[in-house]
Amino acid sequence: MQLFKQILVNVALLLWATLTYAAPQKIVSLNLCTDQLLMLLADPNQIASLSKIVDDPNVSFLAKKAAEFRKNRGDAEEIFMNSPDLVVAGVYTEKATVQILQSLGVRVEIFPIEQNFDDIVENIRKMGLLVGHSDRAKRMINDFNIRLEELRSGITERPRAAIYSANGYTTGTDTMSGQILKTAGFQ
């Protein structure tokens with residue numbers, strides 16, 4: 001009888017561990033960047049909804065691909081009613097929405113803004129791990145690094161460049177925009 005009880009406990013622990021570490025099957029994204037990472041790394045059937053802005057081709061590189069997915073307005077009530085396994089968001093996602101979802105027991109993972117290429121790699125790795133597709137993330141990271149190296153290796157001269165945005169806003173060299181310019185061969 002003792003051996004039978006031990007076997008039952010072991011089976012229960014194994015089932016619990018499997019469920020705990022299983023990839024989420026209903027993922028909601030509340031941020032354009034997490035929308036796009038999610039579409040690139042998750043299985044389509046894992047995606048419950050994406051943010052409504054992902055359809056806009058002026059800001060979304062994957063606007064066409066996004067057409068096949070449901071969209072959300074980013075309201076905590078709407079998200080909670082859909083019972084997601086995981087919600088992915090950015091640091092500037094509405095704080096009240098994130099706090100309400102967390103207080104209701106919803107798992108919310110926040111992605112930081114990328115300030116450099118290492119941050120991009122880290123966010124790809126994080127999303128791959130969260131959605132259960134670390135293999136895809138690893139391939140994406142390898143491809144990213146290869147393409148960056150190819151770009152860097154072909155530079156012979158460095159013309160000057162500056163980014164001038166709306167209302168006279170500009171960025172410095174220690175920003176994502178600055179890194180992109182430098183990698184593309186500008187100073």
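On a 1 Å grid over the protein atoms alone, a pocket is an open set of points where a 1.4 Å probe fits, with protein on both sides within 12 Å along at least five of seven lines, and its lining residues have an atom within 4 Å of a point. A volume is the space filled by probe spheres set on the points, which are joined across faces, edges and corners. The model is predicted, so local features need pLDDT of at least 70 and side-chain atom pairs count only at pLDDT 80 or more, while totals for chains, interfaces and linings use all residues. Residues are numbered from 1 along each chain as its sequence is written, and side-chain values use heavy atoms, with hydrogens and water left out.

- The largest pocket has a volume of about 1,100 Å³, and of the 30 residues that line it, Gln 36, Phe 61, Glu 114, Ile 120 and Phe 144 are the closest to its centre.
- Its lining comprises 21 nonpolar, six polar and three charged residues, where Ala, Val, Leu, Ile, Met, Phe, Trp, Tyr, Cys and Pro count as nonpolar, Asp, Glu, Lys and Arg as charged, and the others, Gly among them, as polar.
- The second largest pocket holds about 230 Å³ of space, and of its 13 lining residues the closest to the centre are Gly 172, Thr 173, Gly 178, Gln 179 and Lys 182.

- Strands are DSSP runs of E with at least two residues, and helices are runs of H or I with at least four, numbered from the N terminus.
- Five of the five residues of strand S4 (residues 86–90) are buried, so the strand is largely enclosed by the rest of the structure; buried means under 20% relative accessible area, exposed over 50%, and partly exposed in between, with a 1.4 Å probe and protein chains only.
- Two strands pair if DSSP finds at least two bridges between them; S4 runs parallel to strand S1 (residues 27–29), with three bridges, and parallel to strand S5 (residues 108–111), with four bridges.

**Salt bridges**

- There are eight salt bridges, each a side-chain nitrogen of Lys or Arg within 4 Å of a carboxyl oxygen of Asp or Glu.
- Asp 43 forms a salt bridge with Arg 136, with the closest N and O atoms 2.6 Å apart, and this pair links distant parts of the chain, 93 residues apart.
- Asp 43 is partly exposed at a relative accessible area of 24%, and Arg 136 is partly exposed at 27%.
- Arg 73, Asp 75 and Glu 78 are linked in a network of salt bridges.
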